[in-house]
Amino acid sequence: MKIAFFSTQPYDRTFFERENAQNEFSYQFYETHLGPHIVQAVEDVDVVCVFVNDKVNRHVIQVLAEKGVKVIALRCAGFNNVDLAAAKEYGLRVCRVPAYSPEAVAEHTVAMLLTLNRKTHKAYNRVREQNFSLNGLLGFNLFGRTVGVIGTGKIGKAFCRIMHGFGCQLLAYDLYEDSELKREGLRYCTLEELYAQADIISLHCPLTADTAHLINAASLAQMKDGLILLNTSRGGLIDTLSVIEALKSRKLGGLAIDVYEQEEKIFFKDLSNTVIEDDTLQRLMSFPNVLITAHQAFFTDEALSQIAKKTLDNVKKACSGRVAADDPAFL
Ligand code: NAI
C-alpha cells in the first residue's frame with residue numbers, strides 16, 4: 001500500500017517508520033500542505049495521509065479520486081478540514097484517529113493555565129538574568145475557582161478530572177451529559193450560566209457550523225471580568241478580533257491558545273527569520289497576558305505512537321474493505 005503523507009515534520013517520519021517495521025507500506029513524505037496548489041502532483045498512491053491544516057475540499061477530493069486514491073487518512077481527531085459530503089460522492093473513505101491520548105491534550109491545557117496564571121515562563125527568564133524580583137508575577141489559587149468546560153468528550157473529560165484534583169468547582173456545557181463526570185461532582189448547565197459563573201473557561205468541543213465563533217463579542221460580554229480563556233481545540237471557535245477587544249478592555253484577564261484560526265500559514269514552521277504579515281497574530285502576541293503555543297497539545301511520545309499505529313490500522317481496514325458500520329474512526 002502506497003501512502004503519501006502531507007504536512008510532515010521529521011517526527012512524523014520517525015513514528016510512522018517505527019510502525020512499519022515489516023515494510024507493509026511504501027511511504028512518500030511531503031512537507032507541503034495538501035491543497036488545490038499541489039493535488040495535481042499526487043501520483044501512484046492508494047492513500048493520502050493528512051493533518052489538521054491540509055485543505056481537503058471538493059476540488060482536491062475530485063482530483064484525488066481521478067488519480068485513483070482510495071483513502072483519506074487523517075492522522076488527527078478533528079476533521080473540519082475535509083469535505084465529507086464530497087468524499088462520499090467520489091467514493092473515498094475518510095478515516096481519523098478519534099482518541100489517541102486525550103490526556104496529552106488535557107495536560108497541555110493545564111500546563112498553559114498554570115503558566116499563564118503563575119507566570120513561570122517569565123520567572124524562568126528573570127531568574128536566568130539574575131532578576132529575583134517577584135513584582136508582576138502575582139497569580140491566584142486555582143483551588144475553589146469555578147472552571148467552565150465546553151465539550152466534555154474525551155479531552156474535556158480528562159481536563160475536568162485534572163481540574164477536579166486541583167479542588168476546582170466544575171461547570172460544563174455539552175449536547176450530551178457524561179454520567180461519570182456528574183457522579184464525580186461536575187454540574188451541567190446552560191452556556192449562559194457557564195459564562196456568568198466561570199472564572200476559567202476551557203474549550204473542548206469540535207469546530208462545527210454550530211460552534212464556529214462561539215466565543216464572540218456577545219458571549220464575551222456575558223462572562224466575568226478577568227476571565228481566563230483556554231482554547232486547545234480549534235482556532236475557529238474564537239472570533240479573534242473580539243477577543244483582542246476584550247483583552248484591550250481588560251474584560252479578559254488572560255488567554256491561552258494552542259490553536260489559531262489562521263494557523264495554517266504559520267504553525268509547525270520556523271519563521272524566526274521571516275516578516276510575519278498576520279497583524280492579528282502579532283497583536284495577540286503583544287499582550288503580556290496571552291500565551292500561545294503552536295498546536296503542540298497532542299505532542300507527546302505516547303500520542304505520536306498511538307497516532308501512527310491507529311492511522312496504519314485504519315488504512316489496512318479501509319483497503320481490505322473490512323470496516324464495521326459503527327467504527328468511530330471512519331467518517
Ligand atoms: P470528542 O468527540 O470526544 O468530544 C467532543 C465533545 O464536544 C463531545 O462530547 C460533543 O458532544 C461535544 N460537542 C459537540 N458539539 C458541541 C456543541 N455545539 N456545544 C458543546 N459541546 C459540543 O472529541 P475530543 O477527542 O475530546 O476532541 C475535542 C477537540 O479537541 C477536537 O474536535 C479537536 O478539534 C481538538 N483537538 C486538539 C488537539 C491539539 O493538539 N490541540 C489534539 C486533538 C484534538
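Trainee: Which backbone atom of phenylalanine 298 lies 3.2 Å from an oxygen atom of the ligand, and how is such a pair read?

Mentor: A polar contact is a pair of N or O atoms within 3.5 Å. Here a backbone N or O atom of phenylalanine 298 lies 3.2 Å from a ligand oxygen. A ligand oxygen is also 3.3 Å from a polar backbone atom of glycine 153, and one is 3.3 Å from a side-chain N or O atom of arginine 234. Alone, the ligand exposes 860 Å², of which the protein buries 86% (Shrake-Rupley method, 1.4 Å probe). The model is predicted: local features need pLDDT of at least 70, side-chain atom pairs count only at pLDDT 80 or more, and totals for chains, interfaces and linings use all residues. Residues are numbered from 1 along each chain as its sequence is written, and side-chain values use heavy atoms, with hydrogens and water left out.

Trainee: How many disulfides does the rule count?

Mentor: A disulfide is a covalent bond between the sulfur atoms of two cysteines; the rule requires a pair of cysteine sulfur atoms within 2.5 Å. The count is 0. For cysteine 189, the nearest cysteine sulfur, that of cysteine 160, is 11 Å away.

Trainee: Is cysteine 189 buried or exposed?

Mentor: Buried means under 20% relative accessible area, exposed over 50%, and partly exposed in between (1.4 Å probe, protein chains only). Cysteine 189 is buried, at 13% relative accessibility.

Terms used
A polar contact is a pair of N or O atoms within 3.5 Å; within protein, one must be able to donate a hydrogen and the other to accept it, and residues adjacent in sequence count only if both atoms are side-chain atoms.
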